[in-house]
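Please keep the sequence and the model at hand while reading.

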Amino acid sequence: MLQSVHVKNLALIEEIEVDFKEGLNILTGETGAGKSIILGSVGLALGGRYTKDIIRRGADYGFVELTFFVEDERTEERLKALDIFPEEGLVVLSRRLMEKRSISRINGETVTMALLKEAASVLIDIHGQHEHQSLLYKKNHLDIVDAFAGDSVKKCKVCVKDAYERYRKYRKELDEAQMDEAQRAKELSFLQFEVSEITDANLQDGEDEELESLYRRMVNGKRIAEVAAQAYIHTSEGDESASESLSRAIRAMSEIAGYDDKAGTLCRQLEEIDDLLNDFNRELSDYSKSCEFSEEEFYETENRLNELNHLKAKYGNTVPEILAYCEEQEQKLYKLTDYESYIDGLEQKCKDAEKALDKDTKKLTKLRIEQAKELEKAIENGLKDLHFPDVRFEIQADRLEQFTANGRDDIEFLISLNPGQPVKPLADVASGGELSRIMLAIKTVMADRDEIETLIFDEIDVGISGRTAQKVSEKMAVIGKQHQVICITHLAQIAAMADHHYVIEKTVGETDTRTDIRSVSEDESVKELARILGGAKITDAVMQNAKEMKELAKQVKLD
């Protein structure tokens, strides 16, 4: 759940921090006090767009930080899949907003905007005017049905996706393999040439590296031989060589080695050095001889390297890559040599894959329709509870012409709000206020199935009042039993249902204006309800009405 929100230097907010709790958290305040700024700040922290004028006048930056406490194991697993690991159950999302850029962090680590949004989609669900409008697009209706269906459909969707990928693979291979006799002959000739060119070269793994090393030595062989010969002369030949000087030193030290232990040790060290020098001279001599190459050897090495580099330029950067390419072309050659059998086999694979896909797709469709019927009835009942007494709600399922990775179902929500009127798509019938109630009905039905712990509702009370507002408040209370709900409202009926009530206030000073938020006690909550009910003048009757409304809300939540 969303444990706390810290906002600094945004619009009218200088700096606030508010702790939210489980259940139904209600935010109220005077018009213009900054209620939307607070929930808007949450949206900014989750990756929402902003303009520079959102930053408080005189400040260099704005800052929003959300702290979530994660208890649900499913939520924790989904976060871990994103490489986000709660620290003692906490996940902290923050965003620093500057004039031309922003910096997003999760648990103190800088992250991309894409990752921030993915994490947000796991932790919180915001429903404002934009989200209600999403109901108008039928591409979202299938997702709602699948979310309602849960694991049974989820497992079936995995099977359909796998079957669809197999079918597409064979279908693509078959389409690419189709060619006339002239094309096949041309392709055969080309493949035979490539395979022959590579196999005739008789490539050996690691051969190119050995040849390159040998070629470098050959190119520099004369200079290498000269220098090696000079080094050999200095270390091994002549009276002034290191070997001869070392021999004289050993003879001198051997005369005194028996007189003193230290002298004996030094003499033995000289003998060891002499042995090492002799070994070095033998290796140097062999190396010098190995640098002597004939013109014929050089010509053969250069030609072989040119051949290898020619093959690399055409078929791969290394010998293993060239050999792998050759094997791939040999497979194609084999298929084209026995073309009719190859095509017959592919066609059979396509038929088998399509048959399996059709079977899995039909199973998925059957499950979806079963679940859609339940969801249809539940949403219709929920809408009737929200003061749509004559509503008819239907989920229409049509069949797509083509297979997709998500099956062949085309789902659309249809509704009729008035008696005697046929059901029509939501976009043709519902207004903004009606859409918000339809979304609320759906969220109420999904309350015990939705994995997201925190739901935010903004503008849920647009266009409603009276008995309808009471029904909306009761639905909010139902969702609040399963989720943490944070809601801004202008209606006393909804505010009365709060488990936790927050009041947003605007303070106008001589030089600036600021917005603050505070949690209120039950007595203060009643006064706030009276303010909403009574307007400018709060009478004893209005106060009594507010108390009764609060008591009624308690009774509703107990039922």
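Val92 belongs to strand β5, which covers residues 90-97; helices (H or I, at least four residues) and strands (E, at least two) are DSSP runs, numbered from the N terminus. Val92 counts as partly exposed, at 22% relative accessibility. In these terms, buried means under 20% relative accessible area, exposed over 50%, and partly exposed in between, with a 1.4 Å probe and protein chains only. Between Val92 and Met497 there are 405 residues in sequence and 29 Å in space, taken from C-alpha to C-alpha.

The model is predicted: local features need pLDDT of at least 70, side-chain atom pairs count only at pLDDT 80 or more, and totals for chains, interfaces and linings use all residues. Residues are numbered from 1 along each chain as its sequence is written, and side-chain values use heavy atoms, with hydrogens and water left out.

**Aromatic pairs**

The whole structure holds 4 aromatic pairs. Rings of Phe, Tyr and Trp (its six-membered ring) pair if their centres lie within 6.5 Å; planes under 30 degrees apart count as stacked, over 60 as edge-to-face and the rest as tilted. One of these pairs joins Phe20 and Tyr502 in an edge-to-face arrangement, with 5.1 Å from centre to centre and 65° between the planes. Phe20 sits in the loop between β2 (13-19) and β3 (24-29), and Tyr502 in strand β14 (residues 500-508); the pair thus links distant parts of the chain, 482 residues apart. Both Phe20 and Tyr502 are buried.

Tyr167 and Phe403 make up another edge-to-face pair, at 6.1 Å centre to centre and with 65° between the planes. Because Tyr167 lies in helix α6 (residues 151-177) and Phe403 in strand β9 (residues 392-404), this pair ties together parts that are 236 residues apart in sequence. Tyr167 is buried, as is Phe403.

**Salt bridges**

A salt bridge is a side-chain nitrogen of Lys or Arg within 4 Å of a carboxyl oxygen of Asp or Glu. By this rule the count is 31 salt bridges.

| Residue | Partner | Closest N and O atoms |
|---|---|---|
| Lys157 | Asp146 | 3.1 Å |
| Asp279 | Arg282 | 2.1 Å |
| Glu380 | Lys384 | 3.6 Å |

Asp279 and Arg282 are separated by about one helical turn, because they are 3 residues apart in helix α11 (residues 261-290). Asp279 is partly exposed, at 34% relative accessibility. Glu380 and Lys384 are likewise about one helical turn apart, being 4 residues from each other in helix α14. Lys384 is partly exposed, at 37% relative accessibility.

Salt bridges with shared partners join Asp146, Lys157, Arg368 and Asp409 into one network.

**A patch of negative charge**

On the surface, Asp338, Glu340, Asp344 and Glu347 gather in a patch of negative charge. Patches are made of residues with over 30% relative accessible area and no salt bridge, like charges being joined within 9 Å and nonpolar side chains (Val, Leu, Ile, Met, Phe, Trp, Tyr) within 5 Å. Glu340 is part of helix α14 (residues 339-385). With a relative accessible area of 64%, Glu340 is exposed.

**Backbone and a buried leucine**

Most residues other than glycine have a negative phi. Which value does the phi of Ala11 lie near? The phi of Ala11 is near 50°, a positive value in a residue other than glycine. Ala11 is placed in the loop between β1 (2-10) and β2, and is partly exposed, with a relative accessible area of 24%. His387 also has a positive phi, of about 70°, although it is not a glycine. His387 is located in the loop between α14 and β9 and is partly exposed, with a relative accessible area of 39%.

Leu311 lies in helix α12 (residues 295-315). Is Leu311 buried or exposed? Leu311 is buried, since its relative accessible area is 2%. Leu311 and Glu194 are 117 residues apart along the chain, and their C-alpha atoms are separated by 9.8 Å.

Terms used: Areas by Shrake-Rupley, 256 points an atom, 1.4 Å probe, with all protein chains shown as cover. Lys, Arg positive; Asp, Glu negative; His and termini not counted. Charge placed at Lys NZ, Arg CZ, Asp CG, Glu CD.
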